[in-house]
Amino acid sequence: MRQSKLFTKTQKEAPKDEVSKNAQLLIRAGYIHKEMAGVYALLPLGVRVMNNIANVVRNEMNGVGGVEVSLTALQDKSVWEKTDRWRDEAIDIWFKSKLKNGTEVGLGFTHEEPFTEMIAEQVNSYRDLPILAYQIQTKFRNELRAKSGIMRGREFLMKDLYSFSRTQKEHEEIYAKIAEAYQRIFDTVGVGDKTYYTYASGGSFSKFSHEFQTLTESGEDTIYVHEEEKIAVNEEIINEPSVRNQFNLEDFIPQKAVEVGNIFSLGTKFSEPLNLTYTDESGNSQPVIMGSYGIGIGRLMGIVAELLSDDVGLIWPITIAPFKVHLVQLGDDDSVKSEAESLYQALVASGVTVLYDDRSLSAGEKFAESDLLGIPFRVVVSKKTLADAVCELKDRKTGSVSRIEKDALIKEMKKYA
């Protein structure tokens, strides 16, 4: 992409009403646009990052046997009444409306009920199970607080997967497999070293649920961390007898964190009221055992922006960056333009994603913007580099700068295609 065609502009200052670091950086760098509190539009660079994160998640979910679907955001009241989750007293974050014929509808905040009802039409025999179905879809939640940028939104992108098993043992095997996949996701996007498998309340479903909590001073949660074991306990359950019996809490240290994922054993909480059953090998009808597994795609983008940044801008991991290379042309000399254009075409032909800064701006302006954007590698073509038959290569993460010949540069960058 040529930067001259990118309509978004960077900003020297963040909006005064924006208090979260992630939103400040993402707005300044032109990745998102704030519509209102808790509601952000994705700009071209933001779309690319969000899609890259979604694909990391998608690859792992496919890898554990998940199949992708896309359910509707508009929800039928009657489905949710079957589990008593339509009432405001039960769920207080619904966005609800009425159709012109008077029918009440809601915008989905989660999808256990519609997934269960859909699967019930597909399952008859034990041979039809297990099923792992997921979607990556916009959710709507009428949050009271929305001051954490894209880490807590009223409209946000989420991956939710639901497992449907024949037995508790089968469910537990799937549950463990997805937990491992989640850790790989957080490792891939660059926050795995700060993300902890966290014991949390299981509510009415089970003894525990599990969250994946990422350490950050801006976090709204407090977790107690065991650094050697790489596990944690959410403060909300820290005083429960079962927790104190299972863990030696003297070895756990309190830390601020943000929940980036969660997994729940649902048992038959939804399958029974929605008549999701199967016929076992003996011909008996059995309720399906369910699990629910969520990752906030937008929240994950926000926490990466919070943690992987410095005083001058973002530092995207190579795995989710909007582009691998930021090619910066310095000066409007025809020979420089020609060399930069040639390098741009060669990199693109090699499968490398490139943002090509072909604009007529000063070196200082271009370098400041490049640091703010946080693209992993900056490549500079100028009169000086042209005279020496090299390019200047800067690693955004380490700050190291080197001079490299064009062919060697293309070979090196091709590793990240």
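Mentor: In this predicted model, the lining of the largest cavity consists of His326, Ser370, Asp371, Ile375, Phe377, Arg378, Lys394, Asp395 and Arg396. By class, five of these lining residues are charged, two are polar and two are nonpolar. The volume of this cavity is about 40 Å³, and the structure holds one cavity of 30 Å³ or more. Three elements, α9, β21 and β22, each contribute at least two residues to the lining.

Five strands form an open sheet in the order β20-β19-β21-β22-β23, and their pairing is mixed. The edges are taken by β20, residues 354-357, and β23, residues 401-404; each has a single partner strand, so one side of each is left without a neighbour in the sheet. On average, and with direction ignored, neighbouring strands of the sheet are turned by 20° against each other.

Within the sheet, β19 (residues 325-329) pairs with β21 (residues 377-381) in the parallel sense, over five bridges. In this pairing, Val328 stands opposite Val380 of β21. Two of the cavity-lining residues, Phe377 and Arg378, fall within the range of β21, and His326, also in the lining, falls within that of β19.

Helix α11, residues 406-414, lies across β19, β21, β22 and β23, and its angle to β22 is about 30°.

The largest pocket has a volume of about 1200 Å³ and is lined by 44 residues, of which Arg141, Glu211, Glu259, Asn262 and Phe264 lie nearest its centre. The pocket lining divides into 18 nonpolar, twelve polar and 14 charged residues. Its largest share, eight residues, comes from β13; β8, β9, β10, β16 and α7 are among the elements that each supply at least two residues.

Note on methods:
Residues are numbered from 1 along each chain as its sequence is written. This is a predicted model: local features need pLDDT of at least 70, side-chain atom pairs count only at pLDDT 80 or more; totals for chains, interfaces and linings use all residues. Side-chain values use heavy atoms; hydrogens and water are left out. Two strands pair if DSSP finds at least two bridges between them. Helices (H or I, at least four residues) and strands (E, at least two) are DSSP runs, numbered from the N terminus. Axes are lines fitted to C-alpha atoms, for helices over the stretch in contact, and angles run from 0 to 180 degrees between N-to-C directions. Contact means heavy atoms within 4.5 Å. On a 1 Å grid over the protein atoms alone, a cavity is a set of points where a 1.4 Å probe fits but cannot get out, and a pocket is an open set with protein on both sides within 12 Å along at least five of seven lines; lining residues have an atom within 4 Å of a point. Grid points are joined across faces, edges and corners, and a volume is the space filled by probe spheres set on the points. Ala, Val, Leu, Ile, Met, Phe, Trp, Tyr, Cys and Pro count as nonpolar, Asp, Glu, Lys and Arg as charged, and the others, Gly among them, as polar.
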